[in-house]
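Student: I have a structure open and want to learn to read it. Where should I start?
Tutor: Let's take the ligand's surroundings, then a sheet.

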Amino acid sequence: MRYNKVNEKIISSLVQIVGKENVILDEKTLENYAHDETPLYTSMPDVAVKPGSTEEVCEIMKLANANMVPVTPRGGGTSLSAGAVPILGGIVLLLERMNKIKEIDKKNMMVIVEPGIITEQLGNELAKHGLFFPPDPVSLDSCMIGGNIAECAGGPRAMKYGVTKNYVLGIEVVLPDSTIQRYGGKLLKNVTGYDIINLIIGSEGTLAIVTEAILKVLPVPTVIIDLLVPFKCVEDSVNFGIDVMQTGLMPAAIEFMEGEVYRLVAKYLGRNLPFAEAGAQIIVELDGNNRELLRKHYDEIGNIALKHGALDVFVGESAKDRERIWEPRKNASDALKDQSKPLAREDLVVPKDKIPELITRLKQCVKQYNAHLYAFGHLGDGNIHADIGVDDTVSLQHGAFIQKMRREIYAITLSLGGAITAEHGIGLSKIEYLEMALDKKQLEIMRSIKKIFDPNNILNPGKIFPQEK
Ligand SMILES: Cc1cc2nc3c(=O)[nH]c(=O)nc-3n(C[C@H](O)[C@H](O)[C@H](O)COP(=O)(O)OP(=O)(O)OC[C@H]3O[C@@H](n4cnc5c(N)ncnc54)[C@H](O)[C@@H]3O)c2cc1C
């Protein structure tokens, strides 16, 4: 596929569409859009534009199609699969100005939003009305609803409440050919034809640009209690988690951090954390509306923890104590980025009982490459984030070992009945491994779908599938 560079004529058309102040050309600012949160991937765009409406997005896509210029949609830029990196240059479409809550419909328990609203801001606004939107990626202070829809983001609460797709009832999108389409509506059930909404959700900005969404919301739980439980080893912690899930108490989250990650976070935060010598730490979150009942539940969970050899059980009921419990988990990603020279940030998922085996085998695997694997993540979903770091003595110049190591990691995960990505997507960083996870026919069907939506391959090209020569 031949693409064109953005030239002066295209720039002046972009200025006409969105206004001069919303067309970014200076190199220093553009560098912010050359990467996301994925290590090792960068590529400069020719221009970044900030549309303020669906109509403006539509005009930009008309222009891009007519000139064969690639377009990469971008929300908060927190992708961990290099999905927002404009690998072929062209236009980066910044959705941040389209950040309104258009309607809070309390009667139907729904909200209509633009894609650029930040997840946490949506949560704060909804809380004022006694409502909440459960999907809670740990990046919620920066990621946007459009990005979450494009990635079908999950988060700690996914084990009880599900992921983004469980809350999207309707969408307005601009297709690559610039057509504006609406799917679904304020409907909790709808099986009219193929489920296009759920095809677009998780399509990583390759099929359509989300310009509006109708989201289901729930009443906000009035009581939240968190437990922090240190264990001697990973296996005990996982067995505890599995037992808790079988009790029927239905925690909102069960999060996991191996001891090494916890210790790196302590170093990063510059202070001592309790039970820093433990082999693993688990956070259990309980939510509901009856404090006494939740206290009974945490007593029960505490007993299960002690049965599995927990070193202690810390309980946080006040906002301050709860924040203290979550602080290490919320800083895990930044601490690893800061301290471990990361090569890859994996997002593996296996049946929960296979987690100890997965971690042991992965650690053995990366050791052969003088690399180190740090595991943490959403135990409640069997979703382990495995950051792989190297020390300064390892040269990244000859990166072939990275591919070989990642192939082995994915082979181990697949052999345990797992998948190579649970919530971060294929993006750019996992393209070459996709054929390990899907067969030829499955790939052929997916490629055909992309062609139907985007015959000129101008919307986020070079993502999910290798670029055709
Ligand atoms: C510290 C940290 C913690 C994280 N924790 C989690 C977690 O708990 N759970 C989880 O699922 N993920 C997590 N992530 C990954 C990331 O935050 C999510 O994938 C998030 O949903 C991306 O949203 P964003 O707005 O930043 O999107 P971007 O990074 O800007 O874009 C992501 C993809 O979506 C596309 N896109 C963006 N907006 C649109 C739109 N309006 N229409 C069409 N396509 C669009 C882009 O082209 C790109 O392919 C984490 C990341 C970090 C850095």
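Tutor: First, a sorting rule. Asp, Glu, Lys and Arg count as charged; Ala, Val, Leu, Ile, Met, Phe, Trp, Tyr, Cys and Pro count as nonpolar; the others, Gly among them, count as polar. Also note that this is a predicted model.

Student: How many residues of the shell around the ligand are nonpolar, polar and charged?
Tutor: The shell divides into 13 nonpolar, 17 polar and six charged residues.

Student: Which residues are the closest to the ligand?
Tutor: Of the 36 residues that surround the ligand, the closest are Gly75, Gly83, Gly146, Gly147 and Gly205. Strand E3 (71–74), helix H5 (145–151) and strand E10 (209–216) each give two or more residues to the shell. H5 gives the most, with five.

Student: Why does the ligand lie between domain 1 and domain 2?
Tutor: Domain 1 (8–97) and domain 2 (101–219) both give residues to the shell, so the ligand lies between them.

Student: Now the sheet. How do strands pair?
Tutor: Through backbone hydrogen bonds, either parallel or antiparallel. Here, five strands form an open sheet in the order E5-E6-E10-E8-E9, with antiparallel pairing. Strand E5 (101–105) and strand E9 (180–184) are the edges, each pairing on one side only. From one strand to the next, the twist averages 10 degrees.

Student: How many bridges join strand E6 to E10?
Tutor: Four bridges join E6 (residues 110–113) to E10. In one of these strands, E10, Lys216 is the bridge partner of Met110.

Student: Which helix packs on the sheet?
Tutor: Helix H3 (residues 54–67) does, touching strand E8 (168–174), E9 and E10. The direction of H3 makes about 45 degrees with that of E8.

Note on methods
Residues are numbered from 1 along each chain as its sequence is written. This is a predicted model: local features need pLDDT of at least 70, side-chain atom pairs count only at pLDDT 80 or more; totals for chains, interfaces and linings use all residues. A residue is near a molecule or strand if its C-beta atom, placed from the backbone, lies within 6 Å of it. Domain bounds come from an automatic or database domain assignment. Two strands pair if DSSP finds at least two bridges between them. Axes are lines fitted to C-alpha atoms, for helices over the stretch in contact, and angles run from 0 to 180 degrees between N-to-C directions. Two residues are in contact if their C-beta atoms, placed from the backbone, lie within 7 Å.
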